[in-house]
Amino acid sequence: MLSRTRPDPHRRALLAILLSLVAMAPAVRADGPPPPPELAWEGEVPEDLAPVRDRALALCREKLPLLMRHLDSPGWVPPKRAAIRFDASLDIPACASSEGVRLGVKWFRAHPGDIGAAVHELVHVLQAYPAPERTEPGAAVRHTKPDWLVEGIADYLRWVVCCPEPGALPEHFAKRSYRESYRTAAVFLDWIVKRSGPQVLRDWNDALRRGVFHEGLIEASTGKALDPLWAEFQAARP
Ligand SMILES: [Zn+2]
């Protein structure tokens, strides 16, 4: 039988403390981190490229948990499977789509050591950011997916987080622009993470994935708009 009693003031105080602790706790999904996609090799492998296949697949499998942690965002459902394959028709080193990673046969014959490119492309598979621009009837085009940032994150995770290599990254930026994307943007993002904390990239990744990223977020996260922030970076790394 339920008894109706007046709430105990001590219990109410304890409840208030517990509720405030819950509000302060970092967001954790009840179902835990999302499961990583299954990484599998698909398609033919030219005999001379079998060692590249083995090393690229092993590297991607080794780095996948780290990439998952960096690219996690609330409610994110990663793909169940990501295939890696060679593509003899590619005239670029590698590319990615929702189906997985394609590595250019011509490129890897000439550059068999460049297997970190597979990690860069795997980042794109996991990013799965929606279309670059969204329009609403009568509204201006919104740029929700800046190339320099998308490629910068992929190269930051490749060259800074997963596969650092001496001499691989540029060191002087006085005459460069973040719009060069890739490694230049990777060093810029590394500097931003060290300046403003790792949550910045998590927030931007989340906004990019939800299709709501806009440059104003950069100022909200760092206290400076993009161009003055770049100028501060250039002054620190001339
Ligand atoms: Zn890329």
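The axes of helices α4 and α5 come within 9 Å and cross at roughly 130°, where axes are lines fitted to C-alpha atoms, for helices over the stretch in contact, and angles run from 0 to 180 degrees between N-to-C directions. That makes α4 oblique to α5, since angles under 35 degrees count as roughly parallel, over 145 as roughly antiparallel, 65 to 115 as roughly perpendicular and the rest as oblique. What I am showing is a predicted model, in which local features need pLDDT of at least 70 and side-chain atom pairs count only at pLDDT 80 or more, while totals for chains, interfaces and linings use all residues. Residues are numbered from 1 along each chain as its sequence is written.

On the α4 side the contact is made by G116, V119, H120, V123, H124 and Q127, and on the α5 side by V150, I153, A154, D155, L157, R158 and C162; two residues are in contact if their C-beta atoms, placed from the backbone, lie within 7 Å. These residues divide into seven nonpolar, four polar and two charged, where Ala, Val, Leu, Ile, Met, Phe, Trp, Tyr, Cys and Pro count as nonpolar, Asp, Glu, Lys and Arg as charged, and the others, Gly among them, as polar.

Helix α5 (residues 147-162) also packs against helix α2 (residues 50-71), at an angle of about 120° and with the axes 12 Å apart. Here K63, L66, L67 and H70 in α2 meet L157, V161 and C162 in α5, and the residues of this contact divide into five nonpolar, one polar and one charged.

Let me turn to the sheet, which is open and has four strands in the order β1-β2-β4-β3, with mixed pairing; helices (H or I, at least four residues) and strands (E, at least two) are DSSP runs, numbered from the N terminus, and two strands pair if DSSP finds at least two bridges between them. Which strands lie at the edges? They are β1 (38-41) and β3 (94-97), each of which pairs on one side only. The twist averages 20° from one strand to the next. β3 and strand β4 (residues 100-104) pair in the antiparallel sense over four bridges, and A96 stands opposite V101 in β4.
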